[in-house]
Amino acid sequence: MSATHSVDTAHGTGLKLSWAAADSWTMTRRELAHWARQPVQVVVGLVFPVMMLLMFSYLIGGGQGIEGDFKSYLVPGMLTMTMAFGLEATMLSVTQDLGKGVIDRFRSMPMNSGAVLVGRSVADMLQSAVGLTVMIAIGYAIGWRWHHGFASFLGAVGLLLLLRFAMLWIGIHLAMVAGKAELVQAVQILVWPVSFLSNAIASPESMPSWLGAIVEWNPMSATATAVRSLFGNPGAVGDSWAATHAELLAVAWPVALVAVFFPLAVKRFRDLSR
Amino acid sequence: MPDYDLAIVVEGLRKKYGDKQALDGLDLAVRAGTVQGILGPNGAGKTTVVRTMSTLLRPEEGRVEVAGIDVRTRAREVRSRIGLLGQNAAVDEELSGRQNLEMFGRLHHLGARRAGARADELLARFGLTDTGNKAIKQYSGGMRRRLDLAASLISQPEVLFLDEPTTGLDPRGRTEVWNAVRSLVGDGTTVLLTTQYLEEADQLADRITVINHGKVIAEGTADELKSKTGGDRIDVVLHDTAQLARAASLLPGEVAVDENRRMVSSSVSDRMAALTETVRALEAAGIEAEDIAVRRPTLDEVFMHLTKEVAA
């Protein structure tokens, strides 16, 4: 072996873990550097959900004459929807990455093989946390309030980020399976009906009963309902099991989705060598 | 010095994509410290071989050892000893050249300070210091390729793979990359490069392996391969078709006559002698030539020759 080697060939688990953490951080820094070089794109990403919130609360909500109540119903729903829409952002970034030769370079290097995905997830979660902060601030500015103290507030934020984390792994997996720009477009369209098939914006009571049942079991509805209750905002009142166990489902759904899509995504990434 | 004589050993390598047998029992042995060229047309299996040797693809069947290490069972150890320049630029286009090199240095576990120092060193070596902080999107093709090459040298690899390093570059970019590769050879690095251009293999490689349909069809030094195809060729284009036969009788060796292009051509062993002799002979015979050119055999000619041989 030549003396010029810089690279670890040690087998200690501790060392391996610390390299895995270092590699993941390097990959996270790569994403942060992308933001620094494309500030406009970052701002557009933050402005879009804010625009949606303002449109729904002033144009649609106002038109229905229930502005006061509707706003306290709407804001937690829009926060949920913003987290769910993260799926397409993740899918788009991963699809773009996979189309580039740089992934080949990463895979030909002695780095931790999971670091590419971990870096992506840390960066996307950071971006979502910033996005969520902006949305909460704008919500506050237009008159929305939470009523149940700081611990409940943090619980609600935690549930929102948990939903985002589940969307992240679905997004990575879809990008690995599809890996084409056209399919990203399809998903960008499909997130709309899926979001509207939840109680994020409309109450399931206003829908036909069969549709209402679907809506109540939508993971987004569970998060929205649980978050409304933690914020002390008015929620959709239903007496189905899904509606009365929203807190449980708001944890169980994302955990189950991560449990399915995390291993699938990691396997897909490893199988790039086939 | 490395503790192995053969930097690359490939035995009976097979790989199938759907119905297509991309590699069909390929064998290869590359001595440490030499430059090995892999020559072949599109679809011959060049990229598949490189991707397998550089751990991006798992070998389906057969044995592959790089730097004395089995790529199937100890891929990560192989990765710490190789550099790869793929066909597509394997750098992050959004980041600057320096950011890229520093990132790759960190991922090679050089540590933050040494990664930064190594990035500066490589930028200087490849003449990219001035543009180091520009995003790669703004680089020219040749600059991008040089940065890509710099990235594959971060860890001072023992074995360097270059997959069609100059495809798509203009002549100037090609010369830049050739010079960079030549300067590497002195360091004792083993280089394996694939190319579609006989000239490139000729310029850079100590030995050349010609592959087609996932199999080796010829192997040897550039001179050995060229002598198999009958060496260089001389082409003489005339004004007057009527003089073709007389011109043909003046050329040495087996002469091909192409009436449509008013051209006679033949293979020659000594370029300069053949050229002067032909010019003199034509002048003495009073035949006016429109164009006379001595050229190396094209890859097509090498292939036609080699595949003819295989068929026979």
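In the predicted model, helix 3 of chain B passes helix 4 of chain B in a right-handed crossing. Helix 3 spans residues 97-107 of chain B and helix 4 spans residues 112-125 of chain B, and the two pack at an angle of about 135 degrees with their axes 8 Å apart. Since angles between 115 and 145 degrees are neither roughly perpendicular nor roughly antiparallel, helix 3 of chain B is therefore classed as oblique to helix 4 of chain B. On the side of helix 3 of chain B, the contact is made by B:Gly97, B:Arg98, B:Leu101, B:Glu102, B:Gly105 and B:Arg106, while helix 4 of chain B contributes B:Ala112, B:Arg114, B:Ala115, B:Gly116, B:Arg118, B:Ala119, B:Leu122 and B:Leu123. When these residues are sorted by class, the contact of helix 3 of chain B with helix 4 of chain B has six nonpolar, three polar and five charged residues.

A helix pair in chain A can be described in the same terms. Helix 5 (residues 115-141) of chain A and helix 6 (residues 149-178) of chain A have axes that come within 10 Å and cross at roughly 140 degrees, and the two helices are therefore oblique to each other. The crossing of helix 5 of chain A and helix 6 of chain A is right-handed. In this pair, A:Leu117, A:Arg120, A:Ser121, A:Asp124, A:Met125, A:Ser128, A:Ala129 and A:Leu132 of helix 5 of chain A meet A:Val157, A:Leu160, A:Leu161, A:Arg164, A:Phe165, A:Leu168 and A:Ile172 of helix 6 of chain A. By class, 10 nonpolar, two polar and three charged residues take part in the contact of helix 5 of chain A with helix 6 of chain A.

Chain B is divided into two parts, domain 1 (6-227) and domain 2 (232-295), and the centres of these domains of chain B, taken over C-alpha atoms, are separated by 41 Å. One open sheet of chain B consists of four strands in the order 2-1-4-5, with antiparallel pairing. Its edges are strand 2 (20-31) and strand 5 (69-70) of chain B, each of which pairs on one side only. Strand 1 of chain B is joined to strand 2 of chain B by nine bridges, the two strands running antiparallel, and B:Lys15 stands opposite B:Leu23 in strand 2 of chain B. Strand 1 and strand 2 of chain B form a hairpin in which two residues lie between the strands, and B:Gly18 in the turn has a positive phi of about 60 degrees. Strand 1 (residues 6-17) of chain B also pairs in the antiparallel sense with strand 4 (residues 61-66) of chain B, over five bridges. Within strand 4 of chain B, B:Glu65 is the residue opposite B:Val9, whereas B:Glu61 is the bridge partner of B:Arg14.

A further open sheet of chain B is built from six strands in the order 6-7-8-3-9-10, and its pairing is mixed. Strand 6 (82-85) and strand 10 (215-220) of chain B are the edge strands, each pairing on one side only, and the twist averages 15 degrees from one strand to the next. Strand 3 (residues 35-39) of chain B and strand 8 (residues 190-195) of chain B pair in the parallel sense over five bridges, with B:Leu193 in strand 8 of chain B as the bridge partner of B:Gly37. Helix 6 (residues 171-185) of chain B lies across strand 3, strand 7 (159-163) and strand 8 of chain B, and runs at about 155 degrees to strand 8 of chain B.

Between the chains, 26 residues of chain A are in contact with 34 residues of chain B. Helix 1 (13-37) and helix 4 (102-107) of chain A each supply at least two residues of the side of chain A that touches chain B, and the largest share of that side, seven residues, comes from helix 1 of chain A. By class, the side of chain A that touches chain B has eight nonpolar, 10 polar and eight charged residues.

Note on methods
Residues numbered from 1 in each chain as written. Chains lettered and ligands numbered in written order. Predicted model: local features only at pLDDT ≥ 70, side-chain atom pairs only at ≥ 80, totals over all residues. Contact = placed C-beta atoms within 7 Å. Nonpolar A, V, L, I, M, F, W, Y, C, P; charged D, E, K, R; others polar. Domains from an automatic or database assignment. Pairing = 2+ DSSP bridges. Axes fitted to C-alpha atoms, helices over the stretch in contact; angles between N-to-C directions. Parallel < 35°, antiparallel > 145°, perpendicular 65-115°, else oblique. Left-handed = near helix turned anticlockwise from the far one by under 90°.
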